[in-house]
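Here's a quick briefing to read with the model open beside you. Keep the viewer handy and click along as you go.

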Amino acid sequence: MSPARSTSPERPFARLLAVLSALVTVAVLGALAPAAAQPAVRAEQPAVQAAGLHISGGRLVEGNGNDFVMRGVNHAHTWYTDRTQSWADVKALGANTVRVVLSDGHRWTRNSAADVAAVIERCKANRLICVLEVHDTTGYGEDTAAGTLDHAADYWIGLKDVLAGQEDYVVVNIGNEPWGNTDPAGWTAPTAAAVKKLRAAGLQHTIMVDAPNWGQDWQGVMRANARTVYDADSTGNLVFSIHMYSVFDTAQEITDYLNAFVAAKLPLVIGEFGGPADQWGDPDEDTMMAEAQRLGLGWLAWSWSGNTDPVLDLSVGFDPSRLSSWGERIFHGADGIARTSKEATVFGGTPGDTRPPTAPGTPVASAVTATSVTLTWPAATDDVGVTGYDVVRVGSGTDTVVAASTTASATVTGLTAGTAYTFAVHARDAAGNRSPRSATVNVTTGTAPARSCAVAYRVVGEWPGGFQGEIVLRNTGTTALNGWTLGFSFADGQTVSNMWGGTPAQTGGSVRVTPASYTAAIPAAGSVTLGFLAAKGATNTAPTAFTLDGAVCAAG
């Protein structure tokens, strides 16, 4: 993870300055790096080939030779070891891979062999490929608290008994972003040495190696030296990982980098990436996802939840029913997980399976409240097996996914009080085939709880393609509000990219905001202020109505 987006509770200011410095200079050095950094030599497959997940022809394949393209998320397990439901939640949303953050004990509390074994079993139980990474190496050479790749390699060797026999399910990512911006050329030798050390110890898993420059390789060191590192692996069972954040803010930079590895038949995944704009730039996630899909390259979005800065939380508070706008983009957007993820065949999928499941039965509504409803339906059938369901809100010519489940039941949240909705269900199988839509069910939500509120909205500043907005939420009642959900809609396609004072979740034009810890309580006659950045087109009409917990607020 880039230091500006670290999930860790520690975010040293020096690391932020280093990244900012890197981005200031990238315009100068970026013109030099590509020519010096082309992996010009085509990678040949070594004679020794590992079992399980392995590399063939520059691509990651399963033990049966079937292509495997990662579509998944990162999960900060080492800081949130109690969030064990996260595996099932990301699987229900369609992911086929989870990259799990671990610690070798150098900087954070060491994840024990028993804990790692449980992580692997949790991945397998949820039919997810498991990428395991040591996070302590982040920013080595620049961040004095970071550990070495050699220390991380010793950690993996110490887990040899836990990892043995898991080659079909586990990829070993030696160390996260194992070099900062200070002398990134120093990355090559210790990376190759760590690979050799793991192979000498007998590990046969696919090994993943991250780039220097905090994972973003903006000076092209990994790109230039990829062949050297690849040749250090006696099995050829190695994949490179690029992390794409603000350095990759143009389509040309992204396509050039990805295509350079593909042309050289050097395996590559986007091991982390972000989409929301930040103070260093606006990553072009649309090109990242579209080009990865075109080239058949894997990607893993950062991150499921728990970031120090929640702008990159895919889910709000680890709740799969409360996806942020970033989460909606990753799971349900163009080239996203729901549309492109294919489960690994090691879990029972059939290569070449193109037959979709049957349509689920008609859903039945229960437990209807002002803002939620529970739907259940007769299960679909499939020649191989149904792996999940997508609940959709049916609109005029458009269906929007609003919930996902691995069982024949789901709760849809974030609805508006006293509003009529139409829902239906699709089934998915292990190969990613989607069933016809079920029959529909009509639901009208209940009456909103009494709320006394007023909302003032204004545009603070505006520029071509974007603007900054402010929302002041006032409690006009006589009792304090403790916890709330603010709802409103944009009419002109505006999209919130960052917010302070609250966490947004956006579906289409509809925006739902939950409070930050410091804005959750609003005393009687008190107020809180939310600020946000958003993208816009030629027109930027202000929202005309706001609701608080489903109740309509007055203007002002």
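Is D183 buried or exposed? D183 is exposed, because its relative accessible area is 52%, and the cut-offs used here are under 20% for buried, over 50% for exposed and partly exposed in between, with a 1.4 Å probe and protein chains only. This is a predicted model, in which local features need pLDDT of at least 70, side-chain atom pairs count only at pLDDT 80 or more, and totals for chains, interfaces and linings use all residues. Residues are numbered from 1 along each chain as its sequence is written, and side-chain values use heavy atoms, with hydrogens and water left out. Helices (H or I, at least four residues) and strands (E, at least two) are DSSP runs, numbered from the N terminus.

- D183 sits in the loop between β6 (170-173) and α7, and its phi is positive, about 50°, although D183 is not a glycine.
- N213 also isn't a glycine, yet has a positive phi of about 60°.
- You'll find N213 in the loop between β7 (206-210) and α8 (221-231), and N213 counts as buried because its relative accessibility is 1%.
- W302 and S303 are joined by a cis peptide bond, with omega about -15°; S303 belongs to the loop between β10 (298-301) and β11 (315-316).

**Helix pairs**

- Helix α5 (residues 149-158) packs with helix α7 (residues 188-200) at an angle of about 15°, and their axes are 9 Å apart. Those axes are lines fitted to C-alpha atoms, for helices over the stretch in contact, and angles run from 0 to 180 degrees between N-to-C directions.
- That angle is why α5 and α7 are roughly parallel to each other; angles under 35 degrees count as roughly parallel, over 145 as roughly antiparallel, 65 to 115 as roughly perpendicular and the rest as oblique.
- On the α5 side, the contact is made by L149, D150, A153, D154, W156 and I157, and on the α7 side by P190, T191, A194, K197 and L198. Contact here means heavy atoms within 4.5 Å.
- Sorted by class, the contact of α5 with α7 has seven nonpolar, one polar and three charged residues. Ala, Val, Leu, Ile, Met, Phe, Trp, Tyr, Cys and Pro count as nonpolar, Asp, Glu, Lys and Arg as charged, and the others, Gly among them, as polar.
- α8 and helix α9 (residues 251-263) pack at about 5°, with axes 11 Å apart, so α8 and α9 are roughly parallel to each other.
- M222, R223 and A226 of α8 meet D256, Y257, A260 and F261 of α9; that contact divides into five nonpolar, no polar and two charged residues.

**Covered helices**

- Helix α11 (residues 325-332) is mostly covered, with eight of its eight residues buried. They are S325, W326, G327, E328, R329, I330, F331 and H332.
- In helix α10 (residues 285-295), the buried residues include E285, M288, E291 and L295.

- R428 is in strand β18 (residues 420-429) and is buried, because its relative accessible area is 9%.
- The R428 side chain makes a polar contact with the side chain of D390 (3.1 Å). A polar contact is a pair of N or O atoms within 3.5 Å; within protein, one must be able to donate a hydrogen and the other to accept it, and residues adjacent in sequence count only if both atoms are side-chain atoms.
- Leaving aside neighbours within four places in sequence, R428 is in contact with several residues, among them A92, P357, Y389, D390 and N433.
- D549, in the loop between β29 (546-548) and β30 (551-552), counts as buried because its relative accessibility is 14%.
- Not counting residues up to four places away in sequence, D549 touches T371, A448, P449, R451, G483, W484 and T485.

**Partly exposed spots**

- V460 lies in strand β20 (residues 453-463) and counts as partly exposed because its relative accessibility is 39%.
- Beyond neighbours within four places in sequence, V460 is in contact with Q468, G469 and E470.
- G141, in the loop between β5 (129-134) and α5, is partly exposed because its relative accessible area is 42%.
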